[in-house]
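These are my notebook entries on a protein model that I went through step by step.

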Amino acid sequence: MGELPLDINIQEPRWDQSTFLGRARHFFTVTDPRNLLLSGAQLEASRNIVQNYRAGVVTPGLTEDQLWRAKYVYDSAFHPDTGEKVVLIGRMSAQVPMNMTITGCMLTFYRKTPTVVFWQWVNQSFNAVVNYSNRSGDAPITVGQLGTAYVSATTGAVATALGLKSLTKHLPPLVGRFVPFAAVAAANCINIPLMRQRELQVGIPVTNEESQRLGHSVAAAKQGIFQVVVSRICMAIPAMAIPPVIMDTLEKKDFLKRRPWLGAPLQVGLVGFCLVFATPLCCALFPQRR
């Protein structure tokens, strides 16, 4: 076999991003939780393969499939603009395991005020890390801006959850199960724009078809942040709407009445199953580049 050619465009995803199917295949790879199990040495090896290939140096014996695998491993752990290694829980591959645990607990422990406050705080803390880690562009964000976004989103989520909890306490139990979703949706509308406010001030990098930077665009930043908010809310719908209906039915059965300790792990499992599909499919709703 000859040496791998240098004309493979690894600046772009492997699949056609103008189609929903192509974007979905891309994000199923990006959000693969198995990438979290890779060692630091494996991540560095993938980075070296990608950076060498971009510099015109082909690793001996490298196949095209191995090159694409290295690209996706590299993309899963390093910020595309700054090149910095993203903190573990901020990576896209951590979305499913982290969200299934946090969301499952929010849906399970929604009856008492202290647990509502605690899990909404945990969720917004996690969201703040994810939103910052996956921000567009390489513009810095100050500690003050980070603090404002975090406090505002957490306050908004807790206030929404407690307000709706008090309004629904005289309604059927099933209605109360949807309070966490309403709180998460409201918080996403606060957290994401505030956490990425720097992009709204200076814009995000705009490039041509050859990936050459042409400047910065505030309009593109506004559109991108709006689409992120929509996709995050859509991402939460299956995981926070389907399990409550199933659990409301199961908890009336003798099986769970005799084994109440099974409720939490069962709910977390249901949420995880939904997120495995909802996360990549909702990330694929909008093209990443236009």
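Predicted model: local features only at pLDDT ≥ 70, side-chain atom pairs only at ≥ 80, totals over all residues.

Entry 1, the largest cavity. I looked up the largest cavity and found about 190 Å³ of space in it. I noted that a cavity is a set of points, on a 1 Å grid over the protein atoms alone, where a 1.4 Å probe fits but cannot get out, and that lining residues have an atom within 4 Å of a point. The volume is the space filled by probe spheres set on the points, which are joined across faces, edges and corners. The lining has 16 residues, and Asn99, Asn127, Val184, Arg232 and Ala236 lie nearest the centre of this cavity.

I then checked which helices contribute: helix H4 (95-108), helix H5 (113-133), helix H8 (179-195) and H10 each supply at least two residues of this lining, and H10 gives the largest share, with 5 residues. Helices here are DSSP runs of H or I with at least four residues, numbered from the N terminus. By type, I recorded 9 nonpolar, 6 polar and 1 charged residue in the lining of the largest cavity; Ala, Val, Leu, Ile, Met, Phe, Trp, Tyr, Cys and Pro count as nonpolar, Asp, Glu, Lys and Arg as charged, and the others, Gly among them, as polar.

Residues are numbered from 1 along each chain as its sequence is written, and side-chain values use heavy atoms, with hydrogens and water left out. The average pLDDT, the predictor's confidence in each residue from 0 to 100, is 82, and 94% of the residues score at least 70. Confidence is lowest in helix H7 (residues 173-176), with a mean of 71, and highest in helix H1 (residues 20-30), at 91.

Is Val228 buried or exposed? Val228, in helix H10 (residues 218-250), is buried because its relative accessible area is 17%, and buried means under 20% (1.4 Å probe, protein chains only). Not counting residues up to four places away in sequence, Val228 touches Ile192 and Arg196, where contact means heavy atoms within 4.5 Å.

Note on methods:
Buried < 20%, exposed > 50% of the residue type's maximum accessible area, 1.4 Å probe, protein only. 1 Å grid on protein atoms, 1.4 Å probe; cavity = no way out; pocket = protein on both sides within 12 Å on 5 of 7 lines; lining within 4 Å.
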